[in-house]
Amino acid sequence: MPVLGHFPAYARDPLGFVTRVSAEFGGVVPFRLGPYPSLLLTDPDAIDEVLVAKSRDFRKSRAAGRVGVVVGNGLLLSEGATWRERRRIVQPAFHHDRVVAWGDTMVREAEAFVAGWNEGEDRDIHHDMTALTLTIVARTLLDSQIDERDIDRVGRSAATLTNHFDSRFNSLAFLIPDWLPTPGNVRMRLAVRRIDRIVYRLIGTRRASVERGDDAISMLLNAATGEAKPLTDRELRDEVMSLFMAGHETTANALAWSLHLLGESTEAASALQAELADVLGGRLPTVADLPRLRYTEAVILEALRLYPPAYALSREAIKPTTVAGRALPNRGIAFISVWATHRRADIYEDPFAFRPERWLDGLARRLPRGAYLPFAEGPRKCIGASFAMQETVLVLATIARRFRLVPLAAQEIRPRAAVSLRPAKPIRLAVVATTTPEIARNPTSEASATAGLGDYVSGRRRVSSDQPPGGSTTRR
């Protein structure tokens, strides 16, 4: 369309649009996002060119910049010298030894959280995983505690922000400036203020403490800029907000999608239970168990492939450049569809199926760079990638050693492409105990893994894998 380009077609079905276009026209497709010449990229070599080889030719795009109203100019969005300085400050918080030391906290918080679950009840699993990951990120990265009221406030605010950015990214409301006092913008500002109050309180508590630890807030409080000035409260707020929001949202999504997929696949759930029984023998997992929890990790890797929290990456050219031999002018957009890349049939066999076992024979090492991007790639690769993988594997193992979660009835769960890839409606799963405390101490009964499962599976509709590109992609 004149002026609007392909944006209206994209906005009607963002995930379906990129899947159809890449399937029909290939891995490097010229199109227009509004007035801006763009390239839709699903070719691994072209993606690698943008994110790695020619990363200096690009910056975060205007679409990504819209999230700045929430996270400010923190590590997530800052550029140039500011980004390099902040990354240097925060990087030690994600040092391997530090992340490993947080493993016990991750498991302890997960075990305490599921201790309140009861056989036969149903749970809103995305809500639960959001609450759990908020607690973990506060206890580890921020060395703080967050209570249930704050968790509820963040959850409600995050839902408001999801609705806001869904409209901003996927409709002509993208053209509405954030400063205009529309009802949507007012709701968005109020949601940010609610989270701000929590973040500033966490900063104030840590600032008032005479002790400094290895957490990110301590490192930021101890840091000085190039002019030897400490960070201002606003600068601290932007960094903590980035860690607080990004540090829980993506892992909550990954865990919710993993449990949803396991609930739809009896075979995968049974394979997971068998591994946990063999490796853990009824005890809680530890970081030392991670090398042996290969199937557990494969479930996470496969969930991140099918439902990548960062479903798209967009970069804006800061000068005329080329991608895969195609010209891209200054301010042109390289739009990387992680969603569609992860569904390329020439890279992944049976790409729409949930098959954790595909990762057990060294697939990750064989994939070309740019083919698997749950944490992006290159200089701007997610600083917390190892933290997130450790957390998701340990939390999934902690939950699955005690419970199997199965759908209550027929439900089609579609992803919603907003800031991250969230479920469009609650994922409601029934709690089925896999063991009793006695079996957990002496795991001798294989039958315990499926006890009671039939009560919740009977009458459940299986979702076909033959779904539209934006819909459920699970197949048993």
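How many bridges join strand 9 to strand 12? Five bridges join these two strands, which run antiparallel. The structure is a predicted model, in which local features need pLDDT of at least 70 and side-chain atom pairs count only at pLDDT 80 or more, while totals for chains, interfaces and linings use all residues. Residues are numbered from 1 along each chain as its sequence is written, and side-chain values use heavy atoms, with hydrogens and water left out. Helices (H or I, at least four residues) and strands (E, at least two) are DSSP runs, numbered from the N terminus.

- Three strands form an open sheet in the order 4-12-9, with antiparallel pairing; two strands pair if DSSP finds at least two bridges between them.
- Strand 4 (122–124) and strand 9 (403–407) are the edge strands, each pairing on one side only.
- From one strand to the next, the twist averages 40°.
- Strand 12 covers residues 428–433, and A433 in this strand is the bridge partner of F403.

**Helix 13 and helix 18**

- Two packed helices are described by the angle between their axes and the distance between the axes.
- Helix 13 (residues 233–264) packs against helix 18 (residues 385–400) at an angle of about 40°, and their axes are 10 Å apart.
- Helix 13 is therefore oblique to helix 18; angles under 35 degrees count as roughly parallel, over 145 as roughly antiparallel, 65 to 115 as roughly perpendicular and the rest as oblique.
- Axes are lines fitted to C-alpha atoms, for helices over the stretch in contact, and angles run from 0 to 180 degrees between N-to-C directions.
- On the helix 13 side, G247, T251, A254, L255, L259 and L262 meet A388, E391, T392, V395, L396 and I399 of helix 18; contact means heavy atoms within 4.5 Å.
- The residues of this contact comprise eight nonpolar, three polar and one charged. Ala, Val, Leu, Ile, Met, Phe, Trp, Tyr, Cys and Pro count as nonpolar, Asp, Glu, Lys and Arg as charged, and the others, Gly among them, as polar.

**Two buried residues**

- S157 belongs to helix 10 (residues 148–169).
- S157 counts as buried because its relative accessibility is 0%; buried means under 20% relative accessible area, exposed over 50%, and partly exposed in between (1.4 Å probe, protein chains only).
- Apart from neighbours within four places in sequence, S157 is in contact with A191, R194 and I195.
- M245 lies in helix 13 and is buried, with a relative accessible area of 12%.
- M245 and L134 are 111 residues apart in sequence, yet 8.4 Å apart in space, C-alpha to C-alpha.
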